[in-house]
Amino acid sequence: MKIRRRDLLKGIAASGLLVAAEQSPAQAKRARKDLPPNAVGILYDSTLCIGCKVCEYACKQANNMPVEHTSSKEVMWDDPQDLSAKTLNIIKRYGVEGPKDTVEGFAFIKRHCMHCLDPACVSACPASALVKNPENGVVTYNKKACIGCRYCQVACPYNIPKFEWDSPFPEIVKCQLCAHLLVKGGISACCAACPTGASLFGPVEKLRSEAKRRMAMEPGEYYDFPVANIDGTEVQQHRAGAYVQHIYGERELGGSQVLYLAGVPFASLGLPELPEDSYVALADGIQYAIYKGMVYPLVVLGGLIYIIRNREEKKE
Amino acid sequence: MQERQALGGKVLTVPFKVCAAIVLIGLFFLGKRFIFGIGSVTNMNDGYPWGIWIAYDVVVGTALACAGYSIALIVYVFNKGEYSPLVRPALMTSMFGYTLAGISVIFDIGRYWQAYNIFLPWLSNLHSVMFEVALCIGTYILVLWMEFAPTLLEKFKAARLQARLNRIIFVFIALGILLPTMHQSSLGTMMLMAGHKLSPLWWSGFLPLLFLITAVVIGYAAVIFESLIASVAFKRPLELHLLSKISALMPWLLGLYLVIRIEDVNLRGYLPLAFEGGLLGNLFLLENLLLLAALLILAYPNNRQNPRLLFIASCAMLLGGSMYRFNTYIVGFDPGTGWRYFPSVPELFITFGIIAAEVMAYLWFVKTLPVLPKFTKA
């Protein structure tokens, strides 16, 4: 009986140590990430979007993406239902409940990579195939590094990265903000093509103040709206919509470089309500608390080697 | 030193042949996967990028293979040499379990031909939990083979090599305890990143701790299960005195787990979800009731002497612990855009093939190698 009690005490002590090592998971969080110095992004204004899908076409042209037919009917154009390994950018229409004269019963939303400040995909990727450019903050993909584990898909809170399920040599596919055009001094194809300025390219700081300017507008009055590039010259006059007083992407999960404005609640546009701290920061914080830069595991290993060696010697 | 012996006897028995047939079917679908892509054999999709190949083969499979870890922990750290007859069979199941989990990862990852990229220093992402898991599991597979090597050397009578290995084996034994502690908890940390996509009944800051405890619980249960089955199947005496002793630890571990598990959900305010009657709530209850049942059975010393009750308790722990892990990776996961996942038949057969291969290797090894303790018929 004596032996058993000692066993139990040891068990309890060991479990206690584990709990202590774990600390309080709720507090283990690392600091939020700042905007990269020359961060560029997109401000998408749902109230300006007319759903013409020219941005989808321009995206496929600029990125060499194949057409996608999802309906069984004969159609002349491609008709993706959602983002996929063939579609990097999509305009979706959501039905919205409400008085017809204010929201006309529906609203558009444009979906593609948000280029998060603290991207879950980048943190998740074991082989650094997804990286965030330290200068402009664009999250790009390198197929030469990717092992195809799809942890980025599990980790992305917006379900953006897609996988080529039907290829023996599959790749991850996602919007890279037309990084290949940016290096040549261009802007993202979707913004360049947008006829109303609903997709507006520019430095994130400027886009944030532009979004704030719009939210302060008097609904129904005419105002100037920049088109394509906030640093460009083209301007159009539009009636201001009745904006929801929230910039989606400004704070969600630590913020992103793609920002959304809308006249209807974001939840009804399929954008999840998210906390301000990223899950990455939480996971990193817990990993750090447990491992303290591999110091703890090495100490434990040393202890184990000492104990086991002693026992083995005693046996002989 | 405990004497061990090979069981001997015919290897090509009926169960062995049935397993071989399942392996062949699995290999057929595997061929299809490598020629036409993962989508041609599985139901995985962009909403559910991980299916049973990860959730069962790796996440549950390596927990089942924690027998070696759990026994090593008690034998070497808590200095209970009396349990050493359980070490070799436990190490062997661990070796098979982990090796096959490692192999099944190659089937699962899309760009397997450049899997080594993870370990190229200029590509390794030290912040990635997946990197840590891959590195730990990869190293642990090597460690398990080194720990098992004395058995092979004994068989081939390589005495000099055996003596040399014996001088440094303590390093491998120490690593064999450290590495599973790290990667088994990290398998829980992995799903922290799923955030709002994982049901609050499973998403928790305690994921790493709960995964570590389930690894130990499932590991012990696997030892009890394996020992009882082997005794009955090969008509050997039960190792009851040892099994009942290691079982005495379980009620405490299960109690600790259940307190953390329930209290964590409760403090975050999601406990009512469990009683709403939905699939997730019911699975949450079932998962914890199974572990509670094992706790109640093993809490009474008399029950621990009863092979039937020991067997039931070990099954409850294997099921409850595995369900917790499976639910965390698949059932409780909902990407939220209408995606659905249920494994396809070919996908299942590849997993069955892996299990069958493991059973075949077990049968072959115990019959030809000195794994099980020696006994003479009275």
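Trainee: What makes A:Arg214 count as buried?

Mentor: A:Arg214 has a relative accessible area of 0%. Buried means under 20%, exposed over 50% and partly exposed in between, with a 1.4 Å probe and protein chains only, so A:Arg214 is buried. This is a predicted model, in which local features need pLDDT of at least 70, side-chain atom pairs count only at pLDDT 80 or more, and totals for chains, interfaces and linings use all residues. Residues are numbered from 1 along each chain as its sequence is written, chains are lettered from A and ligands numbered from 1 in the order in which they are written, and side-chain values use heavy atoms, with hydrogens and water left out.

Trainee: Why is the pair A:Glu210 and A:Arg214 called a salt bridge?

Mentor: The closest N and O atoms of A:Glu210 and A:Arg214 are 2.8 Å apart. A salt bridge is a side-chain nitrogen of Lys or Arg within 4 Å of a carboxyl oxygen of Asp or Glu, so the pair qualifies. Both residues lie in helix H8 of chain A, four residues apart, about one turn of the helix. Helices (H or I, at least four residues) and strands (E, at least two) are DSSP runs, numbered from the N terminus.

Trainee: Which residues does the network of salt bridges join?

Mentor: Shared partners join A:Asp45, A:Glu210, A:Arg213 and A:Arg214 into one network. A:Glu210 also meets A:Arg213 at 3.0 Å, N to O. A:Glu210 is buried at 7% relative accessible area, whereas A:Arg213, at 35%, is partly exposed.

Trainee: How far apart in sequence are the parts that A:Asp277 and A:Arg32 tie together?

Mentor: A:Asp277 and A:Arg32 form a salt bridge, with the closest N and O atoms 3.1 Å apart. A:Asp277 lies in the loop between strand E11 (258–261) and helix H9 (279–291) of chain A, and A:Arg32 in the loop between helix H1 (2–22) and strand E1 (40–45) of chain A, so the pair ties together parts that are 245 residues apart in sequence.

Trainee: What salt bridge links chain A to chain B?

Mentor: The count between chain B and chain A is one salt bridge. A:Arg150 pairs with B:Asp108, the closest N and O atoms being 3.0 Å apart.

Trainee: How do you know that helix H3 of chain B is mostly covered?

Mentor: Helix H3 (residues 67–77) of chain B has 11 of its 11 residues buried, including B:Tyr69 and B:Ile74.
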